[in-house]
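My entries follow in the order I made them.

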Amino acid sequence: MNTEEYLKQEYARAKKNLYTADRKVFGSADDLASWFTNALRHQNFCCHYCKTSIFDINKLIDAGLLKTRSVRGGGKRGPVLEIDKNDDSYIPENCVLSCYYCNNDKSYTATKEDYETYFGNNRHQYFLQLLQQLSANR
Ligand SMILES: [Zn+2]
């Protein structure tokens, strides 16, 4: 899948699944989907914290090197970037896209800045190591 196709797919998914009551501040469902795909482009399809591309994360998931988490309704956390709110509320200007692994770990425990500074690069190194393992096994 090329990036334009991926953006189209993510626009549709965001519009359908991500427009929840606490995200009405984004505007309409289309506004939220536009925000999401703009952020994908702006972040170059990478997690804000670990700077790992969602395409690389999916390679690791497909190879069984990363586990996903099943959620209600048959969905899975892991294969897509998530909206990370800050200060416990959705203010679009403060939100970033995060991988599930950073978002889940950060939770409410650190500020965006502290998490990026102290944990983002460590996770990046960890994912790089897994990617090297994957290419060595081919
Ligand atoms: Zn991450």
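**Helix 1 against helix 2.** I began with helix 1 (residues 3-18) and helix 2 (residues 29-42) of this predicted model. Their axes come within 8 Å and cross at roughly 140°. That angle makes helix 1 oblique to helix 2, since roughly antiparallel is kept for angles over 145 degrees. I noted the crossing as right-handed. On the helix 1 side I listed Leu7, Glu10, Tyr11, Ala14, Lys15 and Leu18 as making the contact. On the helix 2 side I listed Ala29, Asp30, Leu32, Ala33, Phe36, Thr37 and Leu40. Sorted by type, the residues of this contact are nine nonpolar, one polar and three charged.

**Helix 3 against helix 5.** I then took up helix 3 (54-62) and helix 5 (112-136). The axes of helix 3 and helix 5 come within 10 Å, with a crossing angle of roughly 55°. Helix 3 and helix 5 are therefore oblique to each other. I recorded the crossing of helix 3 past helix 5 as left-handed. Helix 3 brings Asp56, Lys59 and Leu60 to the contact, and helix 5 brings Phe127, Leu130, Leu131 and Leu134. I count no polar residue there, but five nonpolar and two charged.

**Asp56.** Neighbours up to four places away in sequence aside, Asp56 touches Phe127 and Leu131. Between Asp56 and Leu131 I read a C-alpha to C-alpha distance of 7.6 Å, across 75 residues of sequence.

**The nonpolar core.** Which residues have the most contacts inside the largest nonpolar core? I found Cys47, Cys50, Leu81, Leu97, Cys99 and Cys102, in a core of 25 residues. At least two residues of this core come from each of helix 2, helix 3, strand 4 (96-98), helix 4 (100-106) and helix 5. Helix 2 gives the largest share, four residues. I checked Cys99 separately: beyond four places in sequence, Cys99 touches Cys47, Cys50, Thr52, Ile57 and Leu81.

**Glu82.** My next stop was Glu82, in strand 3 (residues 82-84). Glu82 is partly exposed, as 18 other C-beta atoms lie within 10 Å. Its contacts, sequence neighbours within four places left aside, are Leu97, Ser98, Tyr100 and Asn103. I also noted Leu18, which is 64 residues from Glu82 in sequence and 9.3 Å from Glu82 in space, C-alpha to C-alpha.

I looked at phi last, because most residues other than glycine have a negative value. Where is Phe45? I placed Phe45 in the loop between helix 2 and helix 3. Phi of Phe45 is near 65°, which is positive although the residue is not glycine. Phe45 is buried, with 20 other C-beta atoms within 10 Å. Ser107, also not a glycine, has a positive phi of about 45°. I found Ser107 in the loop between helix 4 and helix 5. Ser107 is exposed, with 9 other C-beta atoms within 10 Å.

How values were computed
Residues are numbered from 1 along each chain as its sequence is written. This is a predicted model: local features need pLDDT of at least 70, side-chain atom pairs count only at pLDDT 80 or more; totals for chains, interfaces and linings use all residues. Axes are lines fitted to C-alpha atoms, for helices over the stretch in contact, and angles run from 0 to 180 degrees between N-to-C directions. Angles under 35 degrees count as roughly parallel, over 145 as roughly antiparallel, 65 to 115 as roughly perpendicular and the rest as oblique. A crossing is left-handed if the near helix is turned anticlockwise from the far one by less than a right angle, and right-handed if clockwise. Two residues are in contact if their C-beta atoms, placed from the backbone, lie within 7 Å. Ala, Val, Leu, Ile, Met, Phe, Trp, Tyr, Cys and Pro count as nonpolar, Asp, Glu, Lys and Arg as charged, and the others, Gly among them, as polar. A nonpolar core is a set of buried Ala, Val, Leu, Ile, Met, Phe, Trp, Tyr and Cys residues joined through C-beta atoms within 7 Å. A residue is buried if 20 or more other C-beta atoms lie within 10 Å of its own, exposed if 12 or fewer, and partly exposed in between; C-beta atoms are placed from the backbone.
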